[in-house]
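My notes follow in the order in which I took them.

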Amino acid sequence: MHPRNSTTLDFRKLSQHRAFARHVKWTSRGPKANLKDPQVLRDLSIAYLWTEFHIRLEIPLDSLIPAVTNRLDYILHLEDMVPKKARGIDLGTGCSCIYPLLGLSRNPDWWFLALEIEQRSVEFAQDNVTRNKLEGSIVVKRNTFDTLLPPELVDGEFDFVMCNPPFYRDKQDMKSKKRAKQHAGAYSGTDNELFVKGGELDFLNKLILESIGLYESIRHFTILLGVKGHVETGMEILKNLALQNNLKCVHESITIDVGSTCRWMLHWQWMKQ
């Protein structure tokens with residue numbers, strides 16, 4: 001966990017929020033709630049975001065429920081890399097638009113381009129931006145192109161790209177990884193949020209390949225990975241491409257270990273030799 005990530009779940013405090021209060025049962029040991037229920041988890045996230053960050057959030061019950069402390073850790077590590085006034089791209093922002101909202105709650109001088117491929121997610125994300133009166137700081141766009149960072153949408157210079165892609169190729173891949181305990185603590189979500197063609201590794205490879213042509217306009221490329229072995233594979237791809245393209249690549253892996261969930265952030269920069 002990042003040293004600045006000091007947030008904790010205070011059930012007594014959160015139970016004062018009306019969204020979560022209806023799920024809380026008071027016992028002699030204090031408040032309790034059924035955290036295996038998706039609706040309870042969603043309302044807990046809503047209460048937590050408002051209580052700790054003054055973020056107003058609405059998401060459909062069938063969508064991915066953001067684990068806030070994990071996502072905050074990603075933002076904190078980005079803060080260590082980029083200037084106080086930064087422009088970023090959130091690749092696959094989802095219904096919640098959680099990364100831009102969290103980022104701006106801590107860094108009001110940041111600006112985000114939030115890209116999303118699914119129309120419903122675009123609409124919910126835009127509603128959350130409007131709900132928090134951040135239309136001047138977050139622009140939500142639907143990506144209908146074949147590339148992750150199409151030039152038709154990514155215009156100008158940016159300090160960073162961040163993304164938390166789906167972990168699985170398909171439902172069978174999800175079942176096998178859960179059995180192998182490679183991905184613990186997964187929430188329910190739509191197919192678009194849980195699955196990506198080729199799985200996480202193919203997505204990583206595609207982002208790395210696209211990043212070569214964008215290194216003059218985007219300084220820091222980052223991605224959150226759910227399989228540790230993919231970090232090592234990604235580093236090998238970066239090394240090989242640097243040699244092939246006569247470029248210098250500075251890269252690092254950062255462990256994001258929050259609660260029972262462990263993820264790995266791969267960060268790289270391209271530079272001329």
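Entry 1: I began with Glu252, whose bridge partner in strand 9 is His267. The model is predicted, so local features need pLDDT of at least 70 and side-chain atom pairs count only at pLDDT 80 or more, while totals for chains, interfaces and linings use all residues. Residues are numbered from 1 along each chain as its sequence is written, and side-chain values use heavy atoms, with hydrogens and water left out.

I took helices (H or I, at least four residues) and strands (E, at least two) as DSSP runs numbered from the N terminus. Two strands count as paired if DSSP finds at least two bridges between them. Strand 8 and strand 9 pair in the antiparallel sense over twelve bridges. They form a hairpin with two residues between them. In the turn, Gly259 has a positive phi of about 65°.

Entry 2: In what order do the seven strands of the open sheet lie? I read the order as 5-4-3-6-7-9-8, with mixed pairing. Strand 5 (138-142) and strand 8 (247-258) stand at the edges with a single partner strand each, so one side of each has no neighbour in the sheet. From one strand to the next the twist averages 20°.

I then checked strand 3 (residues 87-91) against strand 6 (residues 158-163): they pair in the parallel sense over four bridges. Leu91 stands opposite Cys163 of strand 6.

**Entry 3: helices on the sheet.** For contact I used heavy atoms within 4.5 Å. Axes are lines fitted to C-alpha atoms, for helices over the stretch in contact, and angles run from 0 to 180 degrees between N-to-C directions. Helix 5 (residues 98-106) packs on the sheet and touches strand 3, strand 4 (111-116), strand 5, strand 6 and strand 7 (218-225). The direction of helix 5 makes about 170° with that of strand 4. Helix 10 (residues 228-244) also packs on the sheet, touching strand 7, strand 8 and strand 9 (261-272). The direction of helix 10 makes about 5° with that of strand 9.

**Entry 4: helix 9 and helix 10.** The axes of helix 9 (residues 199-212) and helix 10 come within 10 Å and cross at roughly 25°. The two helices are therefore roughly parallel to each other; the cut-offs are under 35 degrees for roughly parallel, over 145 for roughly antiparallel, 65 to 115 for roughly perpendicular, and oblique for the rest. The crossing of helix 9 and helix 10 is right-handed (the near helix is turned clockwise from the far one by less than a right angle). Residues in the contact include Leu204, Ile208 and Leu209 of helix 9 and Thr233, Ile237 and Leu241 of helix 10. By class, I noted eight nonpolar, four polar and one charged residues. Here Ala, Val, Leu, Ile, Met, Phe, Trp, Tyr, Cys and Pro count as nonpolar, Asp, Glu, Lys and Arg as charged, and the others, Gly among them, as polar.

**Entry 5: helix 4 and its partners.** Helix 3 (residues 38-53) and helix 4 (residues 68-79) pack at about 45°, with axes 11 Å apart. That makes helix 3 oblique to helix 4. Tyr48, Leu49 and Phe53 of helix 3 meet Val68, Thr69 and Leu72 of helix 4. This contact divides into five nonpolar, one polar and no charged residues.

Helix 4 and helix 5 pack at about 60°, with axes 10 Å apart. Helix 4 is thus oblique to helix 5, and the crossing is right-handed. Among the residues in contact are Arg71, Ile75 and Glu79 of helix 4 and Tyr99, Leu102 and Arg106 of helix 5.
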